[in-house]
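Notebook open. I look at the overall fold, then at one helix pair.

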Amino acid sequence: MGESPYRFISDAYGKNHFELDKPFISVLDYLNYDYRGAGLPSLGEFAGRDVYEVADYVDKVARPKLIVWSLDGERVDRVWLDPAERMVLEKLVGHYGVVRSPFTSGDWVRYFASIYLIGDPGIACILTVTNQTAYSVYKYGDEATKKRFLPLLTGEGAQVNGKGFMFGATWFTEVQGGSDLGANTVEALRAGDTWRLNGNTKYFSSDAGLAGAALVTARPRGAEPGVKGIALFLVPELDSNGRRNFSVRRLKEKSGTLAVPTGEVEFHDSEAILLGEAEKGVYYTLEGLMVSRLSNAVGALGIARKAYLEAYYYAKRRKAFGRSLIEHPLVQRDLLEMETYIEGTMTLTFSGIHHFQGTYKDTPPYTDEYHYARLLTHIAKNMTADMAAHVTKLAMELHGGIGFLAEFPVERWHREALITPIWEGSSNIQALDMLEAIAKKAAHQPLLSELEGMSKDIRGDAGRSLYTHSLEVLRKTLDTLSTLSLDEAQFQAKDILERLGHSIAVATLTHMANILDSKRILTVAHLYHTRFIRKEPLPRLRAEEISEVIEIDRDRGEQSAGRREVE
Ligand SMILES: Cc1cc2nc3c(=O)[nH]c(=O)nc-3n(C[C@H](O)[C@H](O)[C@H](O)COP(=O)(O)OP(=O)(O)OC[C@H]3O[C@@H](n4cnc5c(N)ncnc54)[C@H](O)[C@@H]3O)c2cc1C
């Protein structure tokens, strides 16, 4: 068949999205993560070719379609995916085992790194909600439920043709309120050994028509009102008689995330399996949301990276006023800002992932370390969402008029970025939850202790001054927060979150620069500090320094040196 003509409309297509991404490799080096052993280079090849092309094809040409009735007039409510999308998903699950590693080897970095490389939020959502479903079953399913569902949800025995695999789903939001989970009205009734669900208000149900089993929040009859009365159930697609267990009313018309079908689901005496204790359902739900919020963060980073790749390669080729775009100072400034913003929020996010990795088995009541991981998750979710909107906007702008055309990929990345502040708990909700983690759980204490401890690794005046100032801003922000009334704190919550996030990003970048002995990363930390903490104009660097930062695919000697042992 030859090469796909897609290469004529995309500069990012056909490249290995792992191997070219030296800043990402640095972050994994910093975590001392064996990315070659984890097979990320091979996934990077697949992500930069098949996943990239197919996700764009689905957006432009081949949307999922709900098949409601069979030839025999039976209600089936299944989603028909384009065969190319099905092939990509089967390969990601079967061959690359994307969902599997947290449950077989406790490796969450591989999972989140994979979502970053995939980038497309539709495909990423399908895998994320499946992972979340597996996570809740893994933690709170009884032995029979685990035995029946875990191997299917994780794709333990899945072949490339997808046999032995089941997609999951997480249906919490209802028409009357998504942020306000306590307003859930779907009702659960105990019937002997099993439970039955009733209600037609599940209003945003991703993977509807795909999922073999879904996590569903519902209120047991007689349970207390509000969020504490919510229990968490696993609802199989087919009941114990093999009949459809719930119906899909319709699929939504969305402006992005088209690869994942999102529908409205109705339960009519649907059989359900209670997970854990009914009274703790809200805690289990929030635990699962840690996974999806971190996924959201790496997904936003992936979106921004794809947009950056399109813009960077285009700027190298396109000429204006007799030289390539990338030679114009103002274009260099845009690319520096984009790259700096990506790398700062990336180190912050992977710090959250590192802490989640250490605490993912925690159950209520949680450890301080778990609350710290949660704090970083709220911050990373919002910071990356803002970053992705900004970076994708600039990437579009750097393409000039064609950036606005629906026929090329860069326009899609901006549309896709705009979901990231909304789902998995909107930005306001993350900011309010961050306040709660600080006020009620003192989650900022482990943060301060960790950053203070890391300061011993910082060498050189430039690094020390960056590190000290970012810690000062962090402490001052926390001090100010402690003087505010509840109303004032809520009013300022997003600004506070942003200041904390920027400070953590600079401190972590500076630490990483020291651990990896990287002048380039120290330059990025300096730029991030100037632009986002001091809010001053970016300094005009030497030409070589500029190229060092924006040419992310450039091989550098220091890259392979890896992590310096900390004395
Ligand atoms: C494409 C797509 C797929 C989705 N998939 C799923 C899914 O699979 N499962 C699922 O459960 N949900 C899903 N959702 C729903 C999504 O998680 C919710 O839309 C989101 O959590 C917000 O809830 P809401 O739409 O009810 O908005 P609301 O809760 O009504 O919020 C509206 C606005 O008010 C703000 N707000 C609300 N409360 C407060 C407050 N106390 N203080 C300050 N501001 C506040 C919010 O930040 C938001 O800006 C999906 C949504 C989309 C768009």
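I counted 18 helices and eleven strands in the protein; helices (H or I, at least four residues) and strands (E, at least two) are DSSP runs, numbered from the N terminus. I looked up the radius of gyration next: 23 Å, close to the 24 Å from the globule rule for 567 residues, so the protein is as compact as a globular protein of that length. The radius is taken over C-alpha atoms, and the rule is 2.2 Å times the number of residues to the power 0.38.

This is a predicted model: local features need pLDDT of at least 70, side-chain atom pairs count only at pLDDT 80 or more, and totals for chains, interfaces and linings use all residues. Residues are numbered from 1 along each chain as its sequence is written.

I noted that the C-alpha trace spans about 70 × 65 × 40 Å along its principal axes. Buried residues make up 52% of the 567 (buried: 20 or more other C-beta atoms within 10 Å of the residue's own, with C-beta atoms placed from the backbone).

Then the helix pair. I found α15 (residues 486-515) packing with α16 (residues 519-533) at about 165°, axes 8 Å apart. Axes are lines fitted to C-alpha atoms over the stretch in contact, and angles run from 0 to 180 degrees between N-to-C directions. The two helices are therefore roughly antiparallel (over 145 degrees).

I listed the contacts (C-beta atoms, placed from the backbone, within 7 Å). Among the α15 residues are H502, V506 and L509; α16 brings residues including L522, Y528 and F532.

Notes: Angles under 35 degrees count as roughly parallel, over 145 as roughly antiparallel, 65 to 115 as roughly perpendicular and the rest as oblique. Two residues are in contact if their C-beta atoms, placed from the backbone, lie within 7 Å. A residue is buried if 20 or more other C-beta atoms lie within 10 Å of its own, exposed if 12 or fewer, and partly exposed in between; C-beta atoms are placed from the backbone.
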